[in-house]
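Here is a protein structure to look through. Keep the sequence and the 3D view side by side as you read.

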Amino acid sequence: MQIIALRNINPNEEILTSYIDTTLPKYLRQKSLKETYNFECRCTLCTSSLDLELREAVFCPKQCGGTCPIPLEGIDSPVELIRISPCIEAHSTCSESNLCQCSKCRAVLKDTGAIIDAVRVGQEGLDKATALQSKDPYKSLQLTTNLIPILISSGLTPSSHPLLALSRLHQSLLIESLPSPPTQESLDDAIRATTRSSAGLSAILPYGHPIRGITLAELGKLLAVDEPSPCQPSSPAEAALRYPPSGPPRLKLALETMLRARNELLVGFGAWNEGGQVGKDAREVIVALEKEMMVWKQGVRNVLEDTPRPVVFKS
């Protein structure tokens, strides 16, 4: 067994391990631990009093860049409260007058009923999709494909539950179902899904966490796959809005992503271990991408050198 420390460990400090997925919100972690191990967790993650839990947040309604906690009002049943809402003390910004406010501009979240309904539907769909993942992956993929836009349109952040869990399941199903060779559409869909998962994980897991590094490496590898039908944007404005990009910008993004992934893998799996097998694979992809970038740059230089320059006549 190899143990990698993501931070300094003080003398005589107790080292603990997580029994469950820490990307889940507090109420689901506590529920799972109580049912499986019959104890209430008192770790720093579960006992910290945060004004805003990023595992249960929505974007500011005024789009200021801040976030609001998922609302509690409108939930009457204790069972329902346990299923879709965390402990009340974790939502201090919702406790005054039952108003959920943005952590940045203090704007009030008004359409709370739609958010509660979306979270409820998302959780039910996640349970069904997870159960079908092995028995009927196509049906499971249909569920995640239909549910994710509902949660996004409701304003949930990529790190919020159940959007993050659905995104990770969706990513896994898309990668597993990629045809050989992949189509442009299937490849781009897998890239977008992996990007969403990576964004959510990066918001709640510490730098160097193995899951962060592995997800980034998966994203980099997908971006590095040769495009079956590259899209040529009609204008720079269209190119700026397109994701994933196409052509050389995609190649550049693949290299940048793989470099980020390897840096995190060196932390998560140890630099002495070259970031584990995933880190070693990432290094090979980086070398190949750097060579491809050099070939492309040299080709551009050759074209520029061969292009005749306009003759300027002086009077």
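The briefing below goes from the overall build to single residues.

This is a predicted model, in which local features need pLDDT of at least 70, side-chain atom pairs count only at pLDDT 80 or more, and totals for chains, interfaces and linings use all residues. Residues are numbered from 1 along each chain as its sequence is written, and side-chain values use heavy atoms, with hydrogens and water left out.

**Overall build**

- The protein has 12 helices and two strands. Both kinds of element are DSSP runs numbered from the N terminus: helices are H or I with at least four residues, strands are E with at least two.
- From the N terminus, the order is α-α-β-β-α-α-α-α-α-α-α-α-α-α.
- The protein has 315 residues, and 38% of them count as buried. Buried means under 20% relative accessible area, exposed means over 50%, and partly exposed lies in between, with a 1.4 Å probe and protein chains only.
- The accessible surface comes to about 18400 Å². Carbon and sulfur atoms hold 56% of that surface. These areas come from the Shrake-Rupley method with a 1.4 Å probe; for residues, only the protein chains shown count as cover.
- Among contacts with a separation of 6 or more, 66% join residues 24 or more positions apart. A contact means heavy atoms within 4.5 Å.

**Helix H7**

- Helix H7 covers residues 163-176, which makes 14 residues.
- From its first C-alpha to its last, H7 reaches 20 Å, close to the 20 Å expected at 1.5 Å a residue. The expected span is 1.5 Å times one less than the number of residues.
- Buried residues in H7 include Leu163, Leu164, Leu166, Ser167 and Leu169. His170, Gln171, Leu173 and Leu174 are buried too.
- What covers the buried residues of H7? The cover includes helices H5 (112-132), H6 (137-153), H8 (184-204) and H9 (210-224).

**Salt bridges**

- Side chains of opposite charge can pair when their charged atoms come close.
- The structure holds 12 salt bridges. Each one is a side-chain nitrogen of Lys or Arg within 4 Å of a carboxyl oxygen of Asp or Glu.
- Arg168 and Asp21 form one of them, at 3.6 Å from N to O. This pair links distant parts of the chain: Arg168 is in helix H7, while Asp21 is in the segment before helix H1 (26-37), 147 residues apart. Arg168 is partly exposed at 26% relative accessible area. Asp21 is partly exposed at 31%.
- Glu53 and Arg55 form another, with their closest N and O atoms 3.1 Å apart. Glu53 is buried, at 9% relative accessible area. Arg55 is buried as well, at 6%.
- Asp117 pairs with Arg120, with the closest N and O atoms 2.8 Å apart. The two are three residues apart in helix H5, so about one helical turn separates them. Asp117 is partly exposed at 40% relative accessibility, and Arg120 is partly exposed at 22%.

**Cysteines**

- How many disulfides does the structure hold? It holds zero. A disulfide is a pair of cysteine sulfur atoms within 2.5 Å.
- The closest cysteine sulfur to that of Cys46 is in Cys43, 3.8 Å away, so it is too far for a bond. Cys46 is buried, at 5% relative accessibility.
- Cys102 is in no disulfide either; the nearest cysteine sulfur, in Cys64, is 3.5 Å away. Cys102 is buried, with 0% relative accessible area.

**A surface patch and a buried glutamate**

- Trp296, Val300 and Leu304 form a nonpolar patch on the surface. Together they have about 290 Å² of accessible area.
- Patches use residues with over 30% relative accessible area and no salt bridge; like charges are joined within 9 Å, and nonpolar side chains (Val, Leu, Ile, Met, Phe, Trp, Tyr) within 5 Å.
- Trp296 is found in helix H12 (residues 276-306). Trp296 is partly exposed, at 40% relative accessibility.
- Leaving out residues up to four places away in sequence, Glu264 touches Tyr207, Gly208, His209, Arg212, Gly213 and Leu216.
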